[in-house]
Every structure is written in structure tokens, then in C-alpha cells.
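Biologist: Could you put the model on screen and walk me through it?

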2 protein chains.
Amino acid sequence: MPTLEDVAKRAGVSTATVSKVLSNTPYFTDATRLKVMQAVQELGYVPNLAARALSSGKTHIIAVVFPYVYEAIFTDPNIMNTLAGIEAECTTQGYNILLSTPQLASDEPDTHYQQLIQSGYLDGVIAIDSYPTASALKPVQEKGIPAVVIGYEACDYSVRHDDQAGGQKIMEHLIALGHTRFGLIEVPEDTNYGVKYRSIGVRAAAEQAGLDYDSFPRTSGDWSTHSGSRCAAALLAQHPDVTALICYNDRMAMGAIQQARSMGRAVPGDLSITGYDDIPSAVLCDPALTTISQRSPEQGRIGARLLFEVLDGTHPDPVVLDPLLIVRQSSAPRP
Amino acid sequence: MPTLEDVAKRAGVSTATVSKVLSNTPYFTDATRLKVMQAVQELGYVPNLAARALSSGKTHIIAVVFPYVYEAIFTDPNIMNTLAGIEAECTTQGYNILLSTPQLASDEPDTHYQQLIQSGYLDGVIAIDSYPTASALKPVQEKGIPAVVIGYEACDYSVRHDDQAGGQKIMEHLIALGHTRFGLIEVPEDTNYGVKYRSIGVRAAAEQAGLDYDSFPRTSGDWSTHSGSRCAAALLAQHPDVTALICYNDRMAMGAIQQARSMGRAVPGDLSITGYDDIPSAVLCDPALTTISQRSPEQGRIGARLLFEVLDGTHPDPVVLDPLLIVRQSSAPRP
DNA sequence: ATGCTGTAGTTAAGGGCTTAACTACCCTGC
DNA sequence: GCAGGGTAGTTAAGCCCTTAACTACAGCAT
């Protein structure tokens, strides 16, 4: 592999000149630039990133971290779409992405992760914390590495979507369809920051319409499709008068739909059911789900952009994205 | 950040001693080792990876690359599960994963990707080529970086699942259920290496049962759910006697199910429909899909293991995984 | 006594790049 | 005629680590 020195020799200049020309430092004649560039071309020179990193302290690598909180985290559409957005932005900016999913569940800290953070290898970190857990962020902040959070964890720089607005939108949609008797399929509030705000949004919309949120029947699932079925079964058995079921994620909504149908309720004819997240299968299932999109790819893109701004020494304000209400076939006017 | 030298001073030894103790070189007294380790502890020393990389030529970073062939690549369950497997293995081995999805579709080579490969930053590369395209592997091989392919692309070291066996298993399953009149929902053969072998497997099983594979009615979709519906519509209209529909991926199968039902065919009562891939929604949809699992997480794990073996200087044989037939509710005995 | 081998540790030479500090020169204005 | 300032490029130190080559010495056989 050719080095700076090889290029310098070939171009008949010093290594410093080559280095500076390549980094677009001013004060060089076009002739010199040309000589250097030609030598670079001819030798197929590519800078050695390790040397550059050692010398400059900049690696052009950022880490995307999300705690490994459950088996299927790599197929979580929100996380993966966020990752896609980050990737897209980093590619255009010439940054590389290092992936790390620290195991924070166990008591002992993930030493491999700690070492990575401490190693001086990372220019910055983007932490995705859709699912709360022991903080992947703490070591990063201790080390003083520029960091951006996508989600709710406390950090100077962050992006997230507005769960409260999301809850409000879905509720307003159902209210506009004439529904007044609601059931809620929730999850325990402390498992996810976002859910808390979703319910606040739902409550706000309910109260604005003069409905008593606290009197709505509700059960808690565990995000899974299966739990959605179970919750729907219990809820519909006890409260057959409910005409709209608000589920706090799509998978539970899909389970609820199956269950409702098997109990003889037409969806959306007798019963409207809504989800949250707009996962890929939301459009595939039957009936296609009315749901809320968190706009994950944009969250990723913006997160990366924020990080680059921080790396440039600016102090960008937190960004809160307005969620998208996606109306499909699972919601309809009150029977 | 403390450096080797700080540790050396504190421990009262040379930097070489510290370095060697940390890399478990023989010939040191326990006393010396202890002194060094204590100093490391006290200072919270973590080696600088850039310096180590420059000096040793080893970065402990491997790149996982998959060409960015379509928008939703980051939500492709096969790819993401493979990634999860790679991640798991790398973590246990102390390697870091750098993600790169070169844009190979356009004519001009992805210079950012080229630079990354050439930069000397990578100890190895794992290329996922579930979807064929201009090769992400070529620059890697030119550079002489150890590489493992997950898929069909030509490479000294590779893992994949056995598409032919997969095709055969699904066909044998349907034949065992008594079906004799089959329809095929394929994709154009040249879009994917695996599909070719799947059809070879299906043919083999058919011929073994004395069926004329070439006479089966067939149409080609484009992997999408929508195309599955379209294909099913055309095929069932022209060949109402078909009792089993073999689809070459799950999404088309799900589309086919919807379409068949809307045409008044009960699935699986009148018509069995099978998929391929076992995507997450395969278990959620109604009826749950009978399909084939490519065992993506294992492919990832094994791919990473192979790479580590190559890095250790051995020459592991290619691995071909036997696919898993997953029987669910979308297939049933011939009516 | 001599040379060997094995043990325990040090010295110092890189690895390839960036960049502060420096030289050398030319142009301007008074 | 000369200080001052901009232009164009070089020198060399430094980033932190690994490792080949070396020293030093103890134990042992010849």
C-alpha cells in the first residue's frame, strides 16, 4: 500500500504538502495541487485511517448503540429504520458506522462495550433508546464523547417523535368517527417512556371531547401479538359495548383483531381497532391497520445530522417530530 | 487519557513490559504482572485502538457489508437476523462491527466504500448477498482482505442455507398431504441465486413423486405482497383445479392468501399456500404460514466464526445449512 | 572454565499521518 | 530602502502502541 511518502516522492514535494493538499488547506498553487493529485491517482493512494486517527484524533467512525434488551431487537422495525436513516446520512457525510448492542441487562457492566467507548476510537455516539434500560449512554457521557440520543433518555442533544401528539391524533381520529366507548390495550407504563406520553395524549383528546378517560376499560399486554389477543378477549368479554380498541403497538392490535373476529365481531364494522408504530405488516394484515408512524428513518437522519453539528462545535436544539396518523381499514365510523 | 507510558511509570517497568503483559506474552514473573495490572486498574488505562491498529496492523474491526439494493433493506428479516447472528458472535470474540451498505446500483463505483476497504481499517469483511447485484466483494478481494460470504457469491469461504433442500422439503410436505395439482408463484430467476435452487428442489421432489414439474402453471411476481395477490388472481382464474400454491417468499404467499380468500377459496381448506423465509409476520398472519426458515441468525454466527478461523490462518470449508420446514396452518391435506 | 539454554526484562525503531513552527520569497506602501 | 504582510512550501515533532533485537543473569552439562 502506497503511503504519503510515496506520493510525496512521486510528486516531488514534501509529505506535509501532500497531506495539506488532500485536506484542502489554502495556499497552494494549482500546479502543486495537480502534481499531488496526479501522484495520488497514479499510485492509487488511499490514506491509512489508523494513522490518520492516531495523528488527528479523528476516526470518522461513529457508534450507533442500542441496548440488547430482547432477542428480536434486530428485527424491530423502528430501530432498524432508524438505523437505515442514520446510515444514509453518515454515508453522505463520509462517516462510518460501528454497531454496538451492549448487554446491559445483566448486573456486571459490559466490559467490551466500556472498552470500546474508552478506546478513543469513536468520534461520536448515537444512542437509540426506544426501549428503556440501564443506560448505554452513561459511559459515553463520562468519557465526554459527543452524543445524540434518539428517544427519551436525558442528553443535551436528542431527537424523538412526539408520543403525546401521536396518542392525541389517534384518539381524535376515533372520536371524529363517532366513537364514545373505548377500550385500551396498554403495556405497563414503566417499560417505555413513550407509552406514558401516548396515554397522556389519548387522555387529552378524550377530555377535550368531554369523555371520562379514567373510566375506560383497559388491560396491559407485553407488546406481543399473543398478548393482544389475550387482552382483547378479556376486555371484550367484560365490556361488550366497546366500539373502539386503542392498542399501544401494532402487534397487539393485530392480535386483538384476530381475537375480536374469532369472537364474532366484525372489524371495523362492529369494532374499530388501532395500532401504533406502522410496522411493515400493518399494511399487510387484514384489515390493514390504522396506526401512527413514528417516522423512524427521519429520526435516524436527523439524529445523525445533529451529531455532525455537535462535532462541528455547534449546539443544536432538540428535535421533536410530529407523528403521522395513517388511516387504513381497521377503523371506521361507530356502528 | 492515560497511555502505556503512564502505566509503565506507575508500575516501575518499561512500556514494552506493560504491552507484553497486557497481551499475555510469556516470561514474566507474577510479581511483575501484578504490578502492571494494578497500575492499569488504578489509572483506568484502556489501550488506544488507533495506535494499536497502526502499530500492529490489527484493528479488531470487521465490516459487514450488504449492497443497498432497495429501500427496505434494513427491514429485511433475513439480512437483519443474519446481522444479529454476526453481532452476537463478534461480541463474544471482542470484535467490532462496522456497517457498510455500498450503493452499487449506480454505474460509478461507490468511492466511499472503496476508500473504506482500502483504508487498512478492516481486519476482515463479511458480505451478505441475499440479493445479487454488482459485487460488494470485488474491492475486498482485490485488497486481499480476509472475507466470508453469506450467500452464493463466489468466495473461498462461505455459508448459506441449502435452497434446493428447502424447495424439496416444502414440495415433499405438500405431496405428503396428497396434493398433485400445483401452482407456482415465482420471481424472475435471475434476480436471486437462491430462487434457482429452490425451483430445482421443487422439481426434484415433484419428479420423484412422478409429477410433471414443467406442466405446473406458474407466474412471476416481484417479492411484494401485492404481486403475490396479482399472481394468485391470474393463476387461480386460469387453473381453478390447483390445490396447492407454492410461493417463493412469504410476502407473496401472504398476498396470495388474501387474494384466494377474496375469490372464495378457503385457505387451507380448499387451497394450501406455502411461503419461504419465515419472516416475523408469517406466524402472525391468518392462517399462519407454512414456510421454510433459512436460519439466518445461525448463518450470521457461522459466517463470523468462519471469518475468525480465516483470521487465525486456517482454511475452513464452506458451510451449507439444512433449512427448516415450518408447518403451520396454511397447508392442509388435499380437499 | 566454557558455552548453552531458558527466563526476565529493556531499548529503540518503526507504523503513517497531521500540524505547529519555520524558511523563503515576493509584493506593497511609506 | 525596508518593515510588514501575504503566499508557498518544508522540517520535524508527536500521536500511542507493538515487537525485533538486545542485555543480563541463573542454572546446567561438558
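The chat below goes through the relation of the chains, a helix pair and some backbone details.

Biologist: What should I know about the conventions before we start?
Modeller: This is a predicted model, in which local features need pLDDT of at least 70 and side-chain atom pairs count only at pLDDT 80 or more, while totals for chains, interfaces and linings use all residues. Residues are numbered from 1 along each chain as its sequence is written, chains are lettered from A and ligands numbered from 1 in the order in which they are written, and side-chain values use heavy atoms, with hydrogens and water left out.

Biologist: Now the helices: how do α4 of chain A and α4 of chain B cross?
Modeller: The axes of these helices, each covering residues 49–56, come within 8 Å and cross at roughly 135°, where axes are lines fitted to C-alpha atoms over the stretch in contact and angles run from 0 to 180 degrees between N-to-C directions. That makes α4(A) oblique to α4(B), oblique being whatever is left after under 35 degrees (roughly parallel), over 145 (roughly antiparallel) and 65 to 115 (roughly perpendicular). Helices here are DSSP runs of H or I with at least four residues, and strands are E runs of at least two, numbered from the N terminus.

Biologist: Which residues meet there?
Modeller: A:Ala50, A:Ala51, A:Ala53 and A:Leu54 meet B:Ala50, B:Ala51, B:Ala53 and B:Leu54, with contact meaning heavy atoms within 4.5 Å.

Biologist: Switching to the backbone, where is there a cis peptide bond in chain A?
Modeller: A cis bond joins A:Asp286 and A:Pro287, with omega about 0°, and A:Pro287 lies in the loop between β9 (272–274) and β10 (291–293). In chain B, a cis bond joins B:Asp286 and B:Pro287, again with omega about 0°.

Biologist: What is the phi of A:Arg295, and is that residue buried or exposed?
Modeller: Phi of A:Arg295 is near 55°, a positive value in a residue other than glycine, and at 17% relative accessibility A:Arg295 counts as buried, the cut-offs being under 20% for buried and over 50% for exposed, with partly exposed in between (1.4 Å probe, protein chains only).
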